[in-house]
Amino acid sequence: MTCGISCVDKTLNKSFYHLGICIAKHPGYFVIIPVMITLLCMTGYQQLKYQIDPEYLFSPINGEGKAERAIVEQYFKVNYTHRFNVGRITRPGRFGRVIVIPKDGDENMLRREVFMELRMLDNLIQNATTTYDGDTFTYKDNCARWENECFENDILNLDVLMDDIESGQLNLSFPIMFNPVTWDAHAFPVFFGGTKLTEDNYIISVPAIQLVYFVTADTKRQDAKGAEWEETFLRVVGKAEETGTFKHISVSYFASRTLDHELEKNTKTVVPYFSSTFLLMGLFSIITCMMGDAVRSKPWLGMMGNVSAIMATLAAFGLAMYCGIEFIGINLAAPFLMIGIGIDDTFVMLAGWRRTPAKMPVHERMAHMMSEAAVSITITSVTDFISFLIGIISPFRSVKIFCTYSVFAVCFTFMWHITFFAACMAISGYRERKNLHAIFGCKVQPMSVAIKEKRNYFYKAIMAGGIDPKDPDNPIDNKDHMFMAFFKDRLAAVINNKWCKAIIILAFASYLAGACYGVTQIKEGLERRKLSRADSYSVEFFDREDDYYREFPYRMQVIVAGALNYSDPEIQYHFENLTRTLEHTSYVTSSLYTESWLRSFLSFIDRNNDYLNTTIDDEADFIDAVKEHWLFPGNPFSLDVKFNEDESQIIASRFLIQAVNITDTNHEKEMVRDLRKICKDSPLNASIFHPYFVFFDQFELVRPVSLQAMVIGAIIMMIISFIFIPNILCSLWVAFSVISIELGVAGYMALWDVNLDSISMINLIMCIGFSVDFTAHICYTYMSSKKRSPKARVREALHSLGLPIVQGSSSTILGIIALLLAQSYIFLVFFKMVFLVIFFGAMHGLFLLPVLLSLFGPGSWQTWTGRDDGSDAEVDDSLTDMKLAHVLEKPFAQSYYMQYPSMGPYGSKGFLGAPYKAYGVDEKDQGLGTSGEDSSESSSSRSQRRQQQLADNNAPVTEQPPRRYEDPWRRSSYQNIDMYGSTGAAQFKPQTDLYGLQLSAAEWRQRLDAHEQLHQRNKQRRSQVYDRDMQRVRHNSHGDVIELHTPTPHSSLDERMRRQYMQAQLSAGSGDESTYRQQLDASILRARDSSPLAMQVPAGKRYHRRRSSEDSTRYHQRWPANIEERRARRTQSPSQRHSHSYIETAAVPARFAHRSISHHNLYQPNSLKHQQQQQHQQQPPTYQYGDY
């Protein structure tokens, strides 16, 4: 499944390798420069532009509501100073509202004592003094006016009739009634809430009454004065309510600045938790970065990881402010998230450091650490960067601003961690190199030395640590992490149990079912009350408004733009038809509440045509009649008709309809969508508007925008994961996990009382990046494992990533715990959704993906057939058997040549073409995101395991370094061999087993005979080209001096050397074959004089080349001699045969080192003494054909 796109991985590894060396050699620069840049960027806080306008932040930038408002204001701009009408406003303006309910137990507000206190409240509000810019004024001085009269709550004039109302002598008719004393037209639905009526529409009781106060806001100065008056209003009413001024009524209050205040309070409430969060995260980092070894513990590095994230966030915010980007309160959630991201990178880099041998120099350890952590921290940062980048294209400014600041923060966090934090690691590495205590800085002894010297318990428990340079592989100084052992031995055993797998799959199915149900229950839109704190005075106001004033909530305006001839009966018909169509919807009440100037004017003309004696048949007569009889200044209908400049034509008009029984945000969304569709379908150029429609537009946009962002994000995350981890199957599992996690977050957020709005959309976009981390890393580790058994792969994946997943998820949740304490819906949504994505991501990584990969991943046939024994045998163990089966089909096809693996830091490549570590080829990458104490076995642990395997097989314990280094070379080279007649074999391609073949003894013998005949023919052919003079010295492909005392055929190397010499001599005009041989003989003498060791060691020992297939079978017979032995071998597993062969080789010291896959000796004598001992051992070559 490995694909060829590995250039990104190679480039990152190589670049970070050199960066690690540079940082280790000059750590001071990488500490000082980030600090200086941070201080420089922090000066940008002087350019802070704080934005708290709710409409600016939470309404769509180009919403239909804003376009409709522009049309209304183009023709019917509100005049607060002289022509104010509350039903015809286009913006909320500056106002104060109170909703009053009784608090003495009687639900009816129509009582004299209640109206007396309402008059007291009204006088308190109107007489409150306000000062602005040296000007002192009251409500009456700055109130909105209609025909030079302040807007007043005429419902209070019912107090003159209260005696008759209480006695029952006067019944109030709903919805409109004229006061017989003051001649006021009381529109009861405007003031009364939750009214109970008789069948004849007479009022029985009124549980709530609202009073409204508007001030002028035509100019900027008037708007500023109005804002100051609102502050006075909130202060006066709040004080009266808190001090218990009223005995019979309870007052809740609200003003246009209330939401601004609440957004500002949200910002202030989370600030005090910054310090506590930093302390909590610092403590967590210190504890998790410590271990039993006092030298290799990294407590201060854990703290510096927090410092790096904080510095990066401060620098990022300062630079964003320098760029002129507005700052909003929601941005304060970003530092908590960045700390979580930074700590995850800290764990990854520390894990990479611990996987490097302590014997290496610091600069090499830094290079390998940076190279190993490159893909992990880069893929995490890139996915977070891309997810926030997707949010920048959102139509909501709150989302754009937050994601912009987060993009800066993610970039700076990444840069600061690979520079500042890496430099801190280098400094800590030099401390560790000197074996200094991690906390106190004093030099201490390793645990093994402390035990030998019998140091006291206190010293061994607190002070001892590090490794002994004389015995660096001592198991006492190289203990495995107990939590990693728990995930490998305990949790993996549970997951590998078939019944537990069934339970996990059933739990996942239940999870998906709950998520799908939750998706159907999603409510859309950001309710105004959720912008307020839970203990805010506005929450009570919003609750009362929902309880009592949802029956008649919105007075909507329908605008017909364009020059029309309203005297035309067809235009009148279309106008009336549009009005009736709207009235007949379920969202609009009856025509009794409609205000239509055209309908009322035509009705007036019909009733009084005989008296008026006017005609309206043509446009000029129609306009004259309208002006004369209907649109006089005192009539509110005069605000609904717009004439052209010479008033000869009507260019726009409007009428008002009343919404009824709108219960929630989903109902509001449906109402706006359906009413707009009716207006668009009309032949008239009609549009409908209400000031709150600007906010309702988010209901229409938030779902498609969120879905679009999630789909695009999932596709991009899959592409990114494929680029960094070029494996198709791994990318598909990552995409599946992202979709599953996003579905779970979207579904369960609805069940957790979170609406789909601009705030939750921020989190959904952000969660796309967060959902990749755990899943991509666990998939990569499982897929890159060389274990044949799915159970073994699960163990290896959990051993590598079990602890890091728990550490990463815990650190992120701890980082956002302060948002839960802020008592703000905005920050509570952040906590809920980040918690959901982290929890679901961890559960997918720890439980679901290991189960699914074991059932549908590489080697899953063993799980389904019940043949998965959980052994630690690797895929490469069966290559010898498969090669034997392949040779049966094609004897000796390319059997004597294999590509020699190139050496060096980037010579041999592994799963993704990444460089093998120079400090040990057999150590493998444990996966992305690893942040445990030690993610690979220590050298002592591997030694103990090999010794235990040998002991279990009753074989002598003999360490064989050549075998240790030869096997990984052999494995890596197998990946480059065309064993199946095709190129580029897949990494996880299923390979046939020799022991699945059913062959009889006769068939075995027939194949052996054919093999022997072919071998004899090849031997005869090669003997004809033997060179006459083989007593020469030459160099092999390793550059070693070799000497032959036996006839040897010409090699391609000899021929190339001879041809190059002859061509060079002929071009110079001299030279022949004899000259070449003379110079070659002279080089033999010089080589012998300069290499005493070469003279001491017998030539037969120093050079051994396989000349024919006979050498491989002369002393180690390829096939069993009898049928019983063949049957016994067929019943053994490949791992058993491989182990047995290894034990036999270890038991008998070999004269020659094990051969590499290139058929050259990996001649690695342990010492000169060992070589001298082998001179006296004359044994035949010990090359096994099946030991490739």
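Trainee: Which handedness does the crossing of helix 11 and helix 12 have?

Mentor: As a general idea, a crossing is called left-handed if the near helix is turned anticlockwise from the far one by less than a right angle, and right-handed if clockwise; the crossing of helix 11 and helix 12 is right-handed. Helices here are DSSP runs of H or I with at least four residues, strands are runs of E with at least two, and both are numbered from the N terminus. This is a predicted model, in which local features need pLDDT of at least 70 and side-chain atom pairs count only at pLDDT 80 or more, while totals for chains, interfaces and linings use all residues. Residues are numbered from 1 along each chain as its sequence is written, and side-chain values use heavy atoms, with hydrogens and water left out.

Trainee: At what angle do helix 11 and helix 12 pack, and which residues meet?

Mentor: Axes are lines fitted to C-alpha atoms, for helices over the stretch in contact, and angles run from 0 to 180 degrees between N-to-C directions. Helix 11 (residues 273-288) packs with helix 12 at an angle of about 145°, their axes being 7 Å apart. Contact means heavy atoms within 4.5 Å, and on that basis F278, M281, G282, S285 and I286 of helix 11 meet P299, G302, M303, N306 and I310 of helix 12. By class this contact has 6 nonpolar, 4 polar and no charged residues, where Ala, Val, Leu, Ile, Met, Phe, Trp, Tyr, Cys and Pro count as nonpolar, Asp, Glu, Lys and Arg as charged, and the others, Gly among them, as polar.

Trainee: How do helix 13 and helix 15 cross?

Mentor: The axes of helix 13 (residues 334-354) and helix 15 (residues 397-433) come within 9 Å and cross at roughly 35°, and helix 13 passes helix 15 in a right-handed crossing. The residues of this contact divide into 12 nonpolar, 6 polar and 2 charged.

Trainee: How many aromatic pairs are found in the whole structure?

Mentor: A pair of aromatic rings is described by the distance of the centres and the angle of the planes. Rings of Phe, Tyr and Trp (its six-membered ring) pair if their centres lie within 6.5 Å, and planes under 30 degrees apart count as stacked, over 60 as edge-to-face and the rest as tilted. A search of the whole structure finds 49 such pairs, including the stacked pair of W229 and F233, with 5.5 Å centre to centre and 20° between the planes. Being 4 residues apart in helix 9 (residues 220-242), W229 and F233 are separated by about one helical turn.

Trainee: Is W229 buried or exposed?

Mentor: Buried means under 20% relative accessible area, exposed over 50%, and partly exposed in between (1.4 Å probe, protein chains only). W229 is buried, with a relative accessible area of 1%, and F233 is buried as well, at 3%. Another pair, F317 and F327, is edge-to-face, with 6.1 Å centre to centre and 65° between the planes. F317 lies in helix 12 (residues 299-322) and F327 in the loop between helix 12 and helix 13, so the pair ties together parts that are 10 residues apart in sequence.

Trainee: Where does D133 lie, and what is its phi?

Mentor: D133 lies in the loop between strand 2 (130-132) and strand 3 (135-137), and has a positive phi of about 55° although it is not a glycine. D133 is exposed, with a relative accessible area of 62%.
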